[in-house]
Amino acid sequence: MSATATVDPVTAPLAEAAAGMAARLARVTVEVRPRGAREGRGGLGGAVGAGVVWHPDGLVLTNAHVARGEVLVVLSDGRPRPARLVARDPRRDLAALVIDGHDLPTAEIGDSSALRVGELLLAVGNPYGLVRALSAGLVHAAGDRFIQADLRLAPGNSGGPLADARGRVVGLNAMVVGGLAVAVPSNVARRFVGEQLRT
Amino acid sequence: MEALLSLSNDLAGAVERTAPVLVTVQARRHVPSTGIHWRPGVVVTADHTVRRDEDIVVVTADGRSLRAALAGRDPGSDLAVLRVEGLGSATATLGDDAALRVGHMALALGYGPRVSWGVISAIGPRWRSWRGGEIDRLIRLDLVLYPGFSGGPLVDGSGRVVGMNTSGLARESRLAVPMTTVGRVADELLRTGRVARGYLGIGMQPVRLPDPLRAQLGLAGDTGLMVVTVETDGPAARAGVLLGDVLVALDGTAVSDLDDVQAHLGGQRIGTTIAATVVRAGARAELSITVGERPRRGA
């Protein structure tokens with residue numbers, strides 16, 4: 001018996017593109033866990049949040065509410081790295097962590113001020129301890145201080161990347177308000193990094 | 001990646017093209033609702049969000065506050081029509097709601113503009129809302145209607161307005177009133193200020209008819225409608241309907257639920273007589289009711 005699968009010329013490339021994007025984003029997404037927490041991968045109670053590799057030499061950005069106390073960063077290849085908290089701003093809900101490393105896969109950072117309402121968005125994080133789960137949605141409303149997205153997030157998405165259809169990181173997911181995902185815009189994060197890490 | 005990018009651009013483009021026809025409707029306390037600039041000078045919105053008949057203000061997409069006059073409302077289809085002077089030239093580009101299929105991507109828009117994305121989750125035939133309105137097509141949505149989204153447009157994949165979203169017609173699910181219905185009802189409201197519906201002036205509850213009684217009286221259905229309230233001096237009271245009568249047929253057609261009854265009470269029946277068959281004290285009785293017009297809210 002042979003089954004013939006028909007490939008839709010429109011939705012098939014769409015599905016392929018989305019899958020490719022998810023894989024690319026997963027590579028630059030890290031787990032952020034409290035140090036001393038259970039070392040086992042996955043499962044509930046593992047990850048408390050996510051982060052984005054911002055610089056190939058070990059700079060990771062996450063939310064301030066995720067980086068409380070001593071944390072451990074788990075890279076996409078599964079290697080855990082102790083992290084040093086170098087900057088934290090609860091007002092903007094941002095924190096910068098430094099881990100040992102170089103040539104780490106790094107996110108391409110987009111311009112959050114160029115976002116259009118209705119544009120597609122992809123989020124990667126660790127909701128409910130699932131490692132690097134993808135959510136898709138779109139820009140619900142865009143502002144200077146935060147981005148609202150029509151996209152389902154869960155605890156564990158915090159600090160993870162929100163990316164546009166080109167895979168550029170345009171925000172860091174921070175919270176859910178009234179069913180909407182709220183993210184810190186990439187331009188705010190960029191400014192934070194510039195201010196805090198001037199050398 | 002190209003496929004994703006072109007979808008993204010299409011979605012954002014659809015929002016940008018529709019945004020100029022969105023208005024904020026301020027006709028209730030707290031959260032305003034959304035309206036659609038449907039035809040020049042005419043805004044349609046969800047009736048349940050228009051909580052007052054006067055002091056209604058709409059705010060245009062470019063931020064101007066304008067006074068709106070309520071031209072009419074139809075709670076049955078959850079539609080209110082406003083006349084507004086000074087709106088911009090952009091009116092809604094309408095799509096074909098009959099062409100919608102389950103699985104089609106759709107956008108719901110709210111004033112701002114704000115947007116919600118999802119799919120058409122079910123399509124059904126003509127149905128009657130719990131408030132008695134005739135809706136040409138059931139359009140059920142798998143997307144979130146955020147606060148203030150009721151009254152806003154449902155936009156199809158090609159960026160056209162195919163419905164008006166509302167959370168006011170079903171408790172558990174999000175629906176859109178197809179633009180076919182919006183157009184038909186809005187035309188009637190603009191012409192006469194109301195959508196007339198027939199009225200009997202009784203409250204009823206379905207009851208099972210015992211088999212021996214059905215056999216004895218030759219009744220077609222196994223369910224009837226027991227009269228549990230009778231409006232004093234209403235059409236049914238004047239025809240002699242009594243509390244406890246069980247309505248089994250109208251114009252010789254068996255009725256077993258309120259939908260069946262509503263189907264006999266279109267606006268064109270007002271002032272005509274309808275033959276009602278009731279079971280009273282174990283016997284059939286035939287009554288002739290002159291259909292009245294359902295009083296309007298607050299009237």
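This is a predicted model: local features need pLDDT of at least 70, side-chain atom pairs count only at pLDDT 80 or more; totals for chains, interfaces and linings use all residues.

**Entry 1: a helix on a sheet**

**Entry 2**

I picked one pair to follow. Strand 8 (residues 120-125) and strand 9 (residues 133-142) of chain A are antiparallel partners joined by 6 bridges. One residue pair I could point to is A:Gly125, whose bridge partner in strand 9 of chain A is A:Ala133.

I zoomed in on A:Leu162, which sits in strand 11 of chain A. Is A:Leu162 buried or exposed? I counted 34 other C-beta atoms within 10 Å of A:Leu162, and 20 or more is enough to call a residue buried, so A:Leu162 is buried.

Who are its neighbours? Leaving out residues up to four places away in sequence, A:Leu162 touches A:Leu121, A:Ala123, A:Ile147, A:Ala149, A:Val169, A:Val170, A:Gly171, A:Leu172, A:Asn173 and A:Ala183. I also checked A:Ser135: it is 27 residues from A:Leu162 in sequence, and their C-alpha atoms are 9.4 Å apart.

**Entry 2: the nonpolar cores**

How many residues does the largest nonpolar core have? I got 115. The residues with the most contacts inside it include A:Leu162 again, along with A:Val60, A:Val73 and B:Leu107. Helix 1 (residues 2-18) of chain B gives this core its largest share, 6 residues.

Not counting residues up to four places away in sequence, its contacts are A:Val30, A:Gly51, A:Val52, A:Val53, A:Trp54, A:Val73, A:Ala83, A:Leu97 and A:Ile99. There is another core apart from the largest one, with 22 residues, including B:Val227, B:Leu265, B:Ile274 and B:Val279.

**Entry 3: the two domains of chain A**

I find chain A split into domain 1 (21-98) and domain 2 (112-195). Their centres, taken over C-alpha atoms, are 16 Å apart. In the contact between them, domain 1 of chain A puts in 31 residues and domain 2 of chain A puts in 25 residues.

On the domain 1 side, the elements giving two or more residues are helix 1 (11-27), strand 1 (29-34), strand 2 (49-55), strand 3 (59-62) and strand 7 (94-98) of chain A. I sorted that side by class and got 15 nonpolar, 10 polar and 6 charged residues.

**Entry 4: the barrel in chain B**

I went looking in chain B and found a barrel there too, closed by 6 strands in the order 1-2-3-6-5-4 with antiparallel pairing. Ignoring direction, neighbouring strands of this sheet are turned by 40° against each other on average.

Strand 1 (residues 22-26) and strand 4 (residues 56-59) of chain B run antiparallel, with 3 bridges between them. B:Val25 has B:Val58 in strand 4 of chain B as its bridge partner.

Then I turned to strand 6 (residues 79-84) of chain B. Why do I call it largely enclosed by the rest of the structure? It is because 5 of its 6 residues are buried.

I checked both partners of strand 6 of chain B. Strand 3 (residues 42-46) of chain B pairs with it in the antiparallel sense over 5 bridges, and B:Thr45 stands opposite B:Ala80. Strand 5 (residues 65-74) of chain B also pairs with it in the antiparallel sense, over 6 bridges, and here B:Ala69 has B:Arg83 as its bridge partner. Strands 5 and 6 of chain B form a hairpin with 4 residues between them. In the turn, B:Asp78 has a positive phi of about 55°.

Methods. Residues are numbered from 1 along each chain as its sequence is written. Chains are lettered from A and ligands numbered from 1 in the order in which they are written. Two strands pair if DSSP finds at least two bridges between them. Axes are lines fitted to C-alpha atoms, for helices over the stretch in contact, and angles run from 0 to 180 degrees between N-to-C directions. Domain bounds come from an automatic or database domain assignment. Two residues are in contact if their C-beta atoms, placed from the backbone, lie within 7 Å. Ala, Val, Leu, Ile, Met, Phe, Trp, Tyr, Cys and Pro count as nonpolar, Asp, Glu, Lys and Arg as charged, and the others, Gly among them, as polar. A residue is buried if 20 or more other C-beta atoms lie within 10 Å of its own, exposed if 12 or fewer, and partly exposed in between; C-beta atoms are placed from the backbone. A nonpolar core is a set of buried Ala, Val, Leu, Ile, Met, Phe, Trp, Tyr and Cys residues joined through C-beta atoms within 7 Å.
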